[in-house]
Amino acid sequence: MKDLEKNIFKYLSRNLSPKRFEHSYNVSKLSVALAERHGESILKAQTAALLHDCAKNMSGSGLVKTCTRAKIKVKYFDEIKRNAPHLLHSHVSAYIAKKHFRIKDKNILAAIENHTLGRPDMSVLEKIIFIADYASLDRKHKHASKIRKTAMVNLEEAFIHTVSDEIKYIVDKGIWLCMQSVDTWNYYAKKD
């Protein structure tokens, strides 16, 4: 693991801004704490967290080109490409994890791929990375601290709150909302 961790840190320091590098480190710290608390693999949580944004500094057009060239399957690809290509960073990050770092664990790759928009029927690891990305210590929005505390006790409640907050933020900003976020919300919304 030490060699993998060393290689990941080297890659991130070369390919991310200092602020994004710090964010990835903070997501890793929270993910490890949540994994330990909820019986998930600490190694898997750390690996997924460190790599979740490894393609974040790529341009929208670069992300689209990578998805196209590598034949990465993305639900709602045409809509994302047209309206918010930066959302493709999660898919390209998973691709980099697989190709560059030879990560084969499907749960790690899924956690990286789904950390932004979520998906129906997410694993515990996927939820951990999703929450940690939204509520890591470098996040200063008003709900971050509450979500961190809630996640230590009730991961599911923290996850639902995170999905809800992200959708509210997008709607309040008046920006395009990807249908995959809606799919995620609808799957987890409480049924009457």
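In the predicted model, Lys146, Ile147, Thr150, Ala151 and Val153 of helix H9 meet Leu155, Glu157, Ala158, His161, Thr162 and Asp165 of helix H10. By class, this contact of H9 with H10 comprises five nonpolar, three polar and three charged residues. Helix H9 covers residues 144-153, and its axis lies 6 Å from that of H10, at an angle of about 150 degrees. Because angles over 145 degrees count as roughly antiparallel, H9 is roughly antiparallel to H10.

Threonine 162, one of the H10 residues that meet H9, belongs to a helix that spans residues 155-173. Its relative accessibility is 0%, so threonine 162 counts as buried. Apart from residues up to four places away in sequence, threonine 162 touches Phe130, Ile131, Tyr134 and Ile147.

For leucine 51, the contacts beyond four places in sequence are with Ile8, Ser93, Ala97, Phe101, Ile103 and Ile112.

Leucine 51 is also among the buried residues of helix H3, together with Ala45, Gln46, Thr47, Ala48, Ala49 and Leu50. Helix H3 runs over residues 42-51, and seven of its 10 residues are buried, so H3 is largely enclosed by the rest of the structure. The partners against which these buried residues pack are helix H1 (2-15), H2, helix H6 (89-99), helix H7 (106-113) and H8.

Helix H2, one of the elements packed against H3, spans residues 18-38 and contains serine 28. Serine 28 has a relative accessibility of 6% and therefore counts as buried. When neighbours within four places in sequence are left aside, serine 28 is in contact with Gln46, Ala49 and Leu50.

Definitions and conventions. Residues are numbered from 1 along each chain as its sequence is written. This is a predicted model: local features need pLDDT of at least 70, side-chain atom pairs count only at pLDDT 80 or more; totals for chains, interfaces and linings use all residues. Side-chain values use heavy atoms; hydrogens and water are left out. Helices (H or I, at least four residues) and strands (E, at least two) are DSSP runs, numbered from the N terminus. Buried means under 20% relative accessible area, exposed over 50%, partly exposed in between (1.4 Å probe, protein chains only). Contact means heavy atoms within 4.5 Å. Axes are lines fitted to C-alpha atoms, for helices over the stretch in contact, and angles run from 0 to 180 degrees between N-to-C directions. Angles under 35 degrees count as roughly parallel, over 145 as roughly antiparallel, 65 to 115 as roughly perpendicular and the rest as oblique. Ala, Val, Leu, Ile, Met, Phe, Trp, Tyr, Cys and Pro count as nonpolar, Asp, Glu, Lys and Arg as charged, and the others, Gly among them, as polar.
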